[in-house]
Amino acid sequence: MMVIVVENAPPRLRGRLSLWLAEVRAGVYVGVYSRRVRERIWEEVGQMIGEGNAVMTWAAPTDSGFAFAAIGANRREPVDIDGLTLVKFRPPTDPDAPPF
Amino acid sequence: MAEAPYVPLRPIPLKERSAILFLEYGQLDVLDGAFVLVDQNGTRMQIPVGGLACLMLEPGTRVSHAAVVLCARVGCLLVWVGEAGVRLYAAGQPGGARADLLLFQARNALDEGARLNVVREMFRRRFGEEPPERRSVDQLRGMEGARVRATYQLLAQRHGVTWKARRYDQEDWTGGDLPNRCLSAANACLYGLCEAAILAAGYAPAIGFLHRGKPQSFVYDVADLYKFDTVVPAAFQVAARILKGKGGQEPPERQVRIACRDLFRRTGLLERVIPDIAAILAAGGLAPPEDAPEAADPAIPPEEGSGDDGHRG
């Protein structure tokens, strides 16, 4: 099982992703593929993402049961805490922006 | 922003895909690189063609050039079928994308000894026992027919369906009895899938071993390997449910397709088809053809494919 979420992605990347995965909400793609195919899809996301950003999670035999990777600038950043990956959330650069 | 790089589209292996999707009524097109079915109201449905083995297009569909190109690139077979998928009109990829595999298949079919070996291997795989010695292909075919009739009877009994004989009339679809109609619909699913696998791997659907002389002879050969483990039980199960009045409102063909799809997934059919084809051809006992000494390498070397051997990508 894998999920990709894209933000501010060019339309042709979104179209490309829909060739392999189901777009269940705007920018949210779900599917089931092997590691090899998953890495290939992710490589294409990296090549086509432009100024947007993307995150992918997939079922993995880790402690949390999944793993994830991100591309592009986003306020959320993965941090590794003793082997468990958590998400760090940087404060907004714009003070008027909502806190999430 | 710099011009984004061109990222080529490459097919993924057949074994990782979902099986089959039937589409009707709508215009198949490409929007922003996505494969969509647009219906009369302008509703768009994105179809993950790259993750499908084949798309069955029923009456009422129109396909744009761009959509066909995209399907070819991602290695999804387009199959044009009649209503309920009972007739097959055309398939969107010519067979024999790999000359070496095609020649190997043809050599096995032309050599009577090799052909008999292949037919015996198919017999072995289907019935789980050694075929009797010193029988010709025609004799084996006769034995197969008798066994198939008995298997129909047995499976029908097991699922509680009254079964007379396999009988269907292509001209009169609704004339057949319910188990036969379910069976026809289920077979159509299996044939589409087997044809997709044969074409994806680069073989020719017309060069059969037990079946001969039809455009899909090899498809029938390959489908017969799986028929009694997959679609026949699925069809009888659905027929029994409907005859008991527990079938729901959906048309029988649709229920059969859903049952088949589940069964294909559960039995891992797509992972098996291409290796099984290679195995039954290898049972012929002939060596695969070698490159002719004068053969030249292609002027433009092919990129390394990521899908199956015959995908054009």
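**Entry 1: the largest cavity**

I began with the lining of the largest cavity, where helix α5 (residues 178-201) of chain B gives the largest share, 3 residues. Helices here are DSSP runs of H or I with at least four residues, strands are runs of E with at least two, and both are numbered from the N terminus. I noted that this is a predicted model, in which local features need pLDDT of at least 70, side-chain atom pairs count only at pLDDT 80 or more, and totals for chains, interfaces and linings use all residues. Residues are numbered from 1 along each chain as its sequence is written, chains are lettered from A and ligands numbered from 1 in the order written, and side-chain values use heavy atoms, with hydrogens and water left out.

I looked up the volume next. The largest cavity holds about 40 Å³ of space. A cavity is a set of points on a 1 Å grid over the protein atoms alone where a 1.4 Å probe fits but cannot get out, and lining residues have an atom within 4 Å of a point. Points are joined across faces, edges and corners, and the volume is the space filled by probe spheres set on them.

I read off the lining residues, among them Leu14(B), Cys76(B), Gln93(B), Ala196(B) and His311(B). By class I found 7 nonpolar, 3 polar and no charged residues. Ala, Val, Leu, Ile, Met, Phe, Trp, Tyr, Cys and Pro count as nonpolar, Asp, Glu, Lys and Arg as charged, and the others, Gly among them, as polar.

**Entry 2: the second largest cavity**

How many cavities of 30 Å³ or more are there? I found 2. The second largest cavity also has a volume, about 40 Å³. Its lining includes Val119(B), Phe123(B), Arg126(B), Leu140(B) and Glu144(B). In chain B, α3 (112-127) and α4 (137-159) each supply at least two lining residues. α3(B) gives the most, with 5 residues. The classes are 6 nonpolar, no polar and 2 charged.

**Entry 3: a pocket**

I turned to the second largest pocket, with a volume of about 660 Å³. A pocket is an open set of points with protein on both sides within 12 Å along at least five of seven lines. I counted 26 lining residues, and Arg17(B), Ser18(B), Ala19(B), Gly51(B) and Arg265(B) lie nearest the centre. Two or more lining residues come from each of β3 (28-31) of chain A and β1 (18-23), α8 (252-267) and α9 (269-282) of chain B. The lining divides into 15 nonpolar, 4 polar and 7 charged residues.

**Entry 4: where the chains touch**

I checked the contact (heavy atoms within 4.5 Å). Chain A brings 20 residues and chain B brings 24 residues. The area buried between them is about 1900 Å², with 55% from carbon and sulfur atoms. Buried area is the accessible area (1.4 Å probe) that two parts lose on being put together, summed over both. Leu19(A), Trp20(A) and Arg40(A) lose the most in chain A, together 31% of what that side buries.

I counted 8 residue pairs in polar contact between the chains, both residues at pLDDT 80 or more. A polar contact is a pair of N or O atoms within 3.5 Å; within protein, one must be able to donate a hydrogen and the other to accept it, and residues adjacent in sequence count only if both atoms are side-chain atoms. On the side of chain A that touches chain B, α1 (11-18) and α2 (35-48) of chain A each give two or more residues. α2(A) gives the most, with 6 residues.

**Entry 5: salt bridges**

How many salt bridges link chain A and chain B? The count is 0. A salt bridge is a side-chain nitrogen of Lys or Arg within 4 Å of a carboxyl oxygen of Asp or Glu. One of them joins Glu39(A) to Arg35(A), with the closest N and O atoms 2.8 Å apart. These two are 4 residues apart in helix α2 of chain A, so about one helical turn separates Glu39(A) and Arg35(A).
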